[in-house]
Amino acid sequence: MGVEGQNEVRVVGIVCQYSGAKAAESAGLEGEEYPTSVRLIRCICAADVDEMVFLRLIFGGADGVFFAGCPLDSGYFRQCSTRIQRRVDLWKQILKLAGMHPERVTGFWVEPTAGKEFAEQVNRFCERVSRIRGGGEKR
Amino acid sequence: MNELRMIIQREARRLLDTGQADLIIGYTKGPTPWSSAPVFVFKREDCLELTISSFCTQNLAVFLPRIEARVGIVAKPCDVRTIVEMIRENQIPREMVKIISFRCPGMLNPKKLEEKGVSPEVWGMVNAKEHPDALYDWCKMCVWRMPPDKDVVGEPRFLYQQPDYPLPEDMSTLADHLEKKTDEERWEFWQGEFARCIRCRACMKSCPVYYGGGDHFDRDAGTTGENTAEENMKIHLSFVYSLAGKCTLCGACESACPVEIPLTALHIPIYRYTRDVYGYEPGLSYTEVSPYFVAEPMPAGEGK
């Protein structure tokens, strides 16, 4: 299973249990496909994941990390989507400072029932990450 | 600087005499001519030890959460901003702190002075106004050098002021140089810098608004505990991330580093990014909150 030629991309998703993980489940139920090499970490709120988790993934060999949270303005926790957005932007700046590719991290928002959208977003991110890796950039 | 020393001593005496403070935390002469050390003054006659120079790079606000007494503290404008941050985050009670502040001419880098050929003669007699090129990077780009409108303040009010003293000809900082380089060069540069890190935690312990205290150097905090460049880089990046929207660029971390890793080259771009994108500068008010912690209040009736 999985999209062709992308199986080897190591992508980790940090998904919240109210929207991200539910959307991934919906994607499975609806038969949507995304690379099998994507690993999901289910957490309570994707905005409040410790920074060391992210750094461990990026330095530990993940090609890309995405955050999937609740839709804007209807987050389970107060303003969690806005916080994810701002923190992802901040991570991009920090990765750039350290000399890594800023596109290795992304964040998006999905409805719990939007399995198709989730699969689309993940596929798009995996494509981008594999292009970065294919471009000969080590980091 | 001599005049400033007299003002600080006078205000310290006044605070002790009137019973507004039980002790004064200030700067005294350091072990070498171009350095300074913290001093705790309990008695009126000891106030003569208090002094100020162009080498007072420590941020004395780190002591505040550990002291249960009324404290008078000598603070540079950037330190005052960290104190405001700490009061806002309930680290210290607001009524327990009296701040003695002054108009800061900027702190000088002894290394750059040596390069210029200035010889260390009398303690602290080098004036920042005479050697603007020897300023630290974060002092070069500082625009909040005028803290409150009084020497001793209960409630700091910041006045934006263009500096009225000579600025260096070369205003570029190390962060600007790194920005022009490619990703690969930047990675190599930081790998070289962090390979030198001896994991002493001085940078994290000297920061008053960082509450991790260097725990990330321990093995169980998400790292392997090995002293490799990548592990050190990971920990320092988590330091940068935690300080986004809180760092006031006082430079205490970099000047505390025994192996001279230019840490503010990581903090300055993040400070600029926060300022330019969200229009937020930390430590200027008691009510504004960093954009990374809470977003704008939601309109009533929306969300949960």
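The model is predicted, so local features need pLDDT of at least 70 and side-chain atom pairs count only at pLDDT 80 or more, while totals for chains, interfaces and linings use all residues. Residues are numbered from 1 along each chain as its sequence is written, chains are lettered from A and ligands numbered from 1 in the order in which they are written, and side-chain values use heavy atoms, with hydrogens and water left out.

**Where chain A meets chain B**

- Chain A brings 29 residues to the contact and chain B brings 37 residues, where contact means heavy atoms within 4.5 Å.
- About 3,200 Å² is buried between chain A and chain B, and carbon and sulfur atoms give 61% of that area; buried area is the accessible area (1.4 Å probe) that two parts lose on being put together, summed over both.
- In chain A, the residues that lose the most area to chain B are A:F59, A:R86 and A:L97, together 23% of what that side buries.
- Across this interface of chain A and chain B there are 5 residue pairs in polar contact, both residues at pLDDT 80 or more. A polar contact is a pair of N or O atoms within 3.5 Å; within protein, one must be able to donate a hydrogen and the other to accept it, and residues adjacent in sequence count only if both atoms are side-chain atoms.
- On the side of chain A that touches chain B, the elements giving two or more residues are α2 (51-59) and α3 (80-98) of chain A. Helices (H or I, at least four residues) and strands (E, at least two) are DSSP runs, numbered from the N terminus.
- Helix α3(A) supplies the largest share of that side, 12 residues.

**Helices that cross**

- In chain A, helix α1 (residues 20-30) and helix α4 (residues 115-134) pack at an angle of about 100 degrees, with axes 7 Å apart. Axes are lines fitted to C-alpha atoms, for helices over the stretch in contact, and angles run from 0 to 180 degrees between N-to-C directions.
- Helices α1(A) and α4(A) are therefore roughly perpendicular (under 35 degrees is roughly parallel, over 145 roughly antiparallel, 65 to 115 roughly perpendicular and the rest oblique).
- In chain B, helix α6 (residues 183-195) and helix α8 (residues 229-243) pack at about 95 degrees, with axes 8 Å apart.

**Salt bridges**

- The count over all chains is 18 salt bridges, each a side-chain nitrogen of Lys or Arg within 4 Å of a carboxyl oxygen of Asp or Glu.
- The interface of chain A and chain B has 0 of them.
- B:E11 forms a salt bridge with B:R14, with the closest N and O atoms 3.1 Å apart.
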